[in-house]
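Here is a friendly walk through one chain, from a single side chain out to the overall form. Please have a look at the structure first.

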Amino acid sequence: RYKEAREHRRTKVDASYKYIFEVLSVRLGLDLATVEEMILDAPSLEAFDSFFAKGGSKTLKVFYQEGEAPGIECGRTIPGLVKESKMMQLYVDTTPDKFVGLCLFFVRCKNDSPINAKTIHEDVFFGVLDATEGLLRGVRNMIEKIFLPAVLATNNWGALSQTKQDTKDKQNFVETINRYLSFLEGAIISIEGTVELKKIDYINFSKLQSFEKVTAAADNPDMVHQLEEVLMIWYRQIEQVLIESKQMRKEADDSGPLTELDHWKCMSAKFNFIIEQIKGPNCKAVINVLNVGHSKLLRMWQELDARITDAANESKDNVRYLRTLEKVCQPLYNYDLISMTRGIPNLINAIRMIHSVSRYYNTSERMTSLFIKVTNQMVTTCRAYITDGGLSCVWEQESSAVIGKIKDCIFLLKEYQKCFHETKQEILETLGEKTFEVSEMYIFGKSEAFCRRLEKITEMVTVVQTYCALSLSTIEGIDVMAIKFKSIYQSVQKKQYDILDPRKTEFDVDFVNFMAKVEGLEIQIQTFMHTCFERILSSQHALQLLQRFQNLGMPCLQEETVHTVGCILQHYVAELEATKKLYQIQKDDPPLARNMPPVAGKILWVRQLFRRINEPINYFHKKSNILASPEGKAVVRLYNRIACVLVEFEVVYHNAWMKEISQLQYPLQATIFMRHPKTGKFLVNFDPQIPEIIRETKCMIKLGLEVPEQAKKIVKIENNLKSNKLRLEGLLQCYEDLCQETPMIFVNLMVPQMKKMEAVLRQGLTILTWSSVTLKSFFQEADQVLCIYKQFLKQVNDLSEVRIDLILKEISNTLLIILPVDDPVKVENMLTCNE
C-alpha cells in the first residue's frame, strides 16, 4: 500500500515539479534522482499542488537537515539503513522540531492564475535561509547580505518621490533595518554568551534525589570528595564570569546609549541562565549532599551564590531602568535634529531618574559612561545629518545648505551641554538628591572637539563660497586668480579621510595649509586690484570697476578699496574742474546730439555734464565715508557750486521754452490753405513750428520734464496732422497736374469744372482749419470734384482726337483730287507731310 501511494505521488511529477527539483539539486549538490526520491519520501505532495494551483499558497518551503530516517510509510527501502539511525532529509513545508539546516524557499508574487511550466522560471523567486550556525544568525545574514543591499540599490521606490521628506522616510526605513540587525546581533550574543556549567558524566545525579540517597552519599567520604570537586569546577566557572563582568569592557569609540542597554541585557541573560542551572536538579543534589555532609566548601558557595544573585539583580535592575532610554533616545538614531533638540530635556531627565532611583547604575563611572555614549550618538547623528546619511560629501553640497546644517549641529550640542548644566544645578538645589559626580571633560570633550572641527569646516566653506565669485567675475585678468583658487580647493576635495571625524588630526594640518594658501592668494588679489587702478582715465569708469571688485564680497579687499576710493576722489576733483571749464566754453552754443531739437538738446547736454559729476559723488556718498573727511568736504563744496550752475542752466532753458509755448497762439487754428502772394496759387498753410514743437515735446517727456497741455495735444494728433498735410499736398498737386494737362484750346471748355474745384478749395482759405472736424467731408468733396474733372477732361481729349482724324481724311481726299495721279510717290510724300 505504501509503495502504491509512493507511485501515485510519482505520477504527479510533471515539468513544474522537475523545475523545483532541478533548483534544489543545483543548490544542494545532489543529483536530480536523489532529490526526487527524497521529496517522494514525504507522505503527501499537497504543498506542491497548492503552490502551483490558482489561488493557492504563495510560498513553498523545503527544509534540508539531518533527521530520523523515514519508516516504511515512505514507500521505499533504503539500503544499509540501521534502525533509529539519522540521515539527511528534505522536509516539505513542515518545519522540523529544531531547525538547524537549510530552508530552501520558493515565492511567487501573484496567485491569480496557475503556474505554467513554460514561464515558471519567470514567475517564481528562489532563496535560501542558512540556519546551520543558528536560526538567528541565518536570519541576520539573509537580511544583511541579501535584502539590505537590495534595498540600498533600489532606485524606484514606487509612490515615494525624490522630495526631502520622502528621502528622509527611506533613510528611516534603512535605519530601522539596521537597528533590527543590531537587535538580532545582540540576541545572538546573549544566547552565545551564556555559560553552561560543565557536565559531569561520571556521577549519576538522578540517584541523589531522595533523602535516603542523599544521606547515604553524605556518609561516603569518596562521594563527598567527588562532589566537592564538582562544586569547585562550577565555582571556578561562575567566579570567572563574575570577574569578567567586573572588568573594564572594551567598546567602540562611537558606541551609543542603546549599546549600554544591549550589554546589560546580555549580562542579565548570562547570569539568569547560571542561576537557572544553580537551581537545577544536578546542582541542588550536590548542595544537598554537601550540606548533609557539613562540607566546608558550602560557605564559599553560598557567598558565590549571593554574589551571582546580586549580579543578576544588578543586571536586571539596570535593564529595567535603561529601557526608559529607548524612547527618548530614538531621535538620536533617526538623524532628526529637530526632534532630537526638543527631546534633550526628556533625555537628561530620564538619566537623572536613573541616577536617583537605580540601586546599581548610579555610580560615577557608569553615569559618565552613559553620558559619553549619548555624546557619541549625537556626534554620529550630526555627521549623518550633515552628509545626508553618508550620501553627500560636505564639498558636494551647496555652501549655504552645509553652513545651515553645521549651525543646527552646533546648536544641538550646545543645547545638550546647557541642559546638562541646568539639570545639575537643579539637583544641587534639591535637598536629598544625589548630585551628578561625573567627569564633564570626558562627557563633553568629544562634542567640543567636534564643534571646533565644525567651526573650522564652516570657515573653509565660507572661504570657498567667497572665492567662488572669482570664477563668475568678468574682470579682465582675474581668471588667473580663479584658477589658482580652484587648484587650492581641489587639493582639499581630494582628501580621502572623513573631515567630520574629530579624531582625524590630518585635517588640522590641511586646514592650516589651506588657510595659508588662501592668505597668499589674498595678497595676490590685492596686488592685482592695485594694478588695475594705477592709471585712472575716468572716475566714472574707475568706480564701475571698483563696484565689480566690491561685488566679489571679499573682506581682503576692504583696505585696498579704501585706498582706491581716495585715489579716485583725487581724480574726480580734476574732472570737476574740467567740467566747469567745458561748461564755460560751450554754454552759449553747446553741441547737440544727432536729431535733437535746440532746447531739449541743450538740456540733454547739460544733463550729461551733470551726470558725469553726479554719479561719482553718489557712489562716494553711499559706499564710502570719505566725504566726511576734510578733503571730501572740500570736494562736496566744489561739486555743489558746479551742480547748482548746471541745474540752473536746465531750469532756465526749460522755463523759457514753457513760456514760449504758452505764449504761442494755437497753431492749429490757422486755415489749411493760403495763396501764393505772387502767383495766387493755393499752398498748404502748415506752420513750420509744429514739427519742432512736436520734437521738443517728445524729448521733454523723455527727459521727464513738464510739458504744456497744448503741446501734449499736438503730439497726440501728430499722425493725423502729418496725414492731413500729405493729403492736402497731394490734392493740390493733383489739381495742378490736371490743369497742366488741359489743352489751351479747351481751357474755356473746362472753366466750369475749374470754378467748381476753386470753390471747394476756397473753403480751406476761410472756414477750414487744422483742427476742423469737417476735414473728412472736405476731402470727400474735393476727391469727387477732381474725379468729375478727370472724366470730363478725358472725354474732351477723346472727342478732339476723333475730329482731327476726320479733318485729315478730308484733306487727303482733296489732295488726291488736285494732284496728278501719275506720280503716286509724290502724292504719298505730301500726305505724310500733311499728317
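## A positive patch

R641 lies in helix α24; helices (H or I, at least four residues) and strands (E, at least two) are DSSP runs, numbered from the N terminus. At 52% relative accessibility, R641 counts as exposed, where buried means under 20% relative accessible area, exposed over 50%, and partly exposed in between (1.4 Å probe, protein chains only). Together with K580, K633 and R637, R641 forms a positive surface patch. The largest contribution to this patch, three residues, comes from helix α24 (residues 630–663).

Patches are made of residues with over 30% relative accessible area and no salt bridge, with like charges joined within 9 Å and nonpolar side chains (Val, Leu, Ile, Met, Phe, Trp, Tyr) within 5 Å. Lys and Arg count as positive and Asp and Glu as negative, while His and the chain ends are not counted. Each charge is placed at NZ of Lys, CZ of Arg, CG of Asp or CD of Glu. The areas come from the Shrake-Rupley method with a 1.4 Å probe, and for residues only the protein chains shown count as cover.

## How the model is read

This is a predicted model, in which local features need pLDDT of at least 70 and side-chain atom pairs count only at pLDDT 80 or more, whereas totals for chains, interfaces and linings use all residues. Residues are numbered from 1 along each chain as its sequence is written, and side-chain values use heavy atoms, with hydrogens and water left out.

## Salt bridges

The count comes to 26 salt bridges, each being a side-chain nitrogen of Lys or Arg within 4 Å of a carboxyl oxygen of Asp or Glu. One of them joins D49 to K12, at 3.2 Å from N to O. This pair links distant parts of the chain, 37 residues apart: D49 is in helix α4 (residues 46–52), and K12 is in the loop between α1 (2–11) and α2 (15–28). D49 is partly exposed at 30% relative accessibility, and K12 is partly exposed at 34%.

R383 and D498 form another salt bridge, their closest N and O atoms being 2.5 Å apart. Here the partners are 115 residues apart, with R383 in helix α15 (residues 364–386) and D498 in the loop between α19 (479–493) and α20 (506–532). D498 is partly exposed, at 32% relative accessibility. In the pair R503 and D501, joined at 3.1 Å from N to O, R503 is partly exposed at 44%, whereas D501 is buried at 6%. There is also a salt-bridge network that links R6, E7, R10, K18, E36, E37 and D41.

## Positive phi values

H294, a residue other than glycine, has a positive phi near 55 degrees. H294 sits in the loop between α11 (281–292) and α12 (297–322) and is exposed, with a relative accessible area of 69%. N595 also has a positive phi, near 65 degrees; its place is the loop between α22 (558–586) and α23 (598–623), and N595 is exposed at 66%.

## The chain as a whole

The chain has 30 helices and six strands. Its radius of gyration is 56 Å, while a compact globule of 835 residues would have one near 28 Å; the radius is taken over C-alpha atoms, and the globule rule is 2.2 Å times the number of residues to the power 0.38. Along its principal axes, the C-alpha trace spans about 190 × 95 × 50 Å. Buried residues make up 41% of the 835 residues.
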